[in-house]
Amino acid sequence: MKKIAQAGGVAAAALSTFTAVPCLAEVNEGEPIYDSYGQVAYTGQEYYQSWDMYGNSYFIFPELDYGDAGLVYSQWENYDMYVEGANAYTSLQPDFENVYAWSYAPTGYNTPELWGQCTWFAWCRFYEIYGFDPGFTGDGWQCAYELVNCYPDLFYLDSTPVSGAVFSSSVNTNHVGIVLWSDGYNMIIQEGNIDGDSNGDWNEATEDYWTREVTVDQMNALYDDVVYANPVEGMF
């Protein structure tokens, strides 16, 4: 996929300082272009060009924005993004109406005792994006390892994230989530169990997640030594 923009978003030192303020508005009149998240900007669609602290140019589209604590949201409910490592488009937010990935998900995590847990969310979101069972059944810190053990030809472990990765924290923090996009340092992640509890109630569980932009350093500070099960380039 052709991309003419540098990695989007802003790499702030603190989560509370994430903002996305465009400084120049243009209208694209040429062939479709792609932003840093793989979103297509069709001919004639207005977009905003901005620059990061290093002088790199990137594009921000009106439907993608940042809120408190680096939370990422879309003004368009049908916003689709390209997950490069998975070679797949997915909605920016989970589609809980996709019953095969969520309410009918064929995993042991799909039980009221585990609804809302990070493992439940990561398994189902992976299935929604990739279309197959990630093969992990353990605690959050084990999931990246179990994914690679199950599919050693498709995924590999690394300390540097790739779009489409599953991340696992250290055993001490015991957490797992999904990397929707990364340039190797900045990343957009999704993770469940924000309230720290198993919800039991389906509606509460489907609201117990967030989408946010963080850096590698912030992830390691939050979750100790984070490891990423990255998709092998060109395998999807």
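A residue is called buried here when its relative accessible area is under 20%, exposed when over 50%, and partly exposed in between (1.4 Å probe, protein chains only). Helices (H or I, at least four residues) and strands (E, at least two) are DSSP runs numbered from the N terminus. The model is predicted: local features need pLDDT of at least 70 and side-chain atom pairs count only at pLDDT 80 or more, while totals for chains, interfaces and linings use all residues. Residues are numbered from 1 along each chain as its sequence is written, and side-chain values use heavy atoms, with hydrogens and water left out.

**Helix H4**

Helix H4 spans residues 216-223, and Val-216, Gln-218, Met-219 and Tyr-223 in this helix are buried. These residues lie on the same side of H4 because they cover an arc of only 160° around the axis, the arc being that of the directions from the helix axis to the C-beta atoms. The buried residues of H4 pack against strands S11 (166-168), S13 (186-192), S14 (209-215) and S15 (227-231). Asp-224, which follows H4, has a positive phi near 65°.

**Nonpolar cores**

A nonpolar core is a set of buried Ala, Val, Leu, Ile, Met, Phe, Trp, Tyr and Cys residues joined through side-chain atoms within 4.5 Å. The largest such core has 41 residues, of which Trp-120, Phe-136, Val-166 and Leu-180 touch the most other members. Strands S6 (64-66), S8 (80-83), S12 (176-182) and S15 and helices H1 (118-130) and H2 (143-150) each supply at least two residues of this core. Its largest share, nine residues, comes from H1.

Leaving aside neighbours within four places in sequence, Leu-180 is in contact (heavy atoms within 4.5 Å) with residues including Met-81, Val-83, Leu-92, Arg-125, Ile-129 and Ile-188. A second, separate core has eleven residues, among them Ala-165, Phe-167, Val-179 and Met-187.

**Salt bridges**

The structure holds two salt bridges, each defined by a side-chain nitrogen of Lys or Arg within 4 Å of a carboxyl oxygen of Asp or Glu.

| Salt bridge | N to O distance |
|---|---|
| Arg-125 and Glu-128 | 3.1 Å |
| Glu-191 and Arg-212 | 2.9 Å |

Arg-125 and Glu-128 are separated by about one helical turn because they are three residues apart in helix H1. Arg-125 is buried, with a relative accessible area of 0%, and Glu-128 also counts as buried, at 15% relative accessibility. The pair of Glu-191 in strand S13 and Arg-212 in strand S14 links distant parts of the chain, 21 residues apart. Both Glu-191 and Arg-212 are buried.
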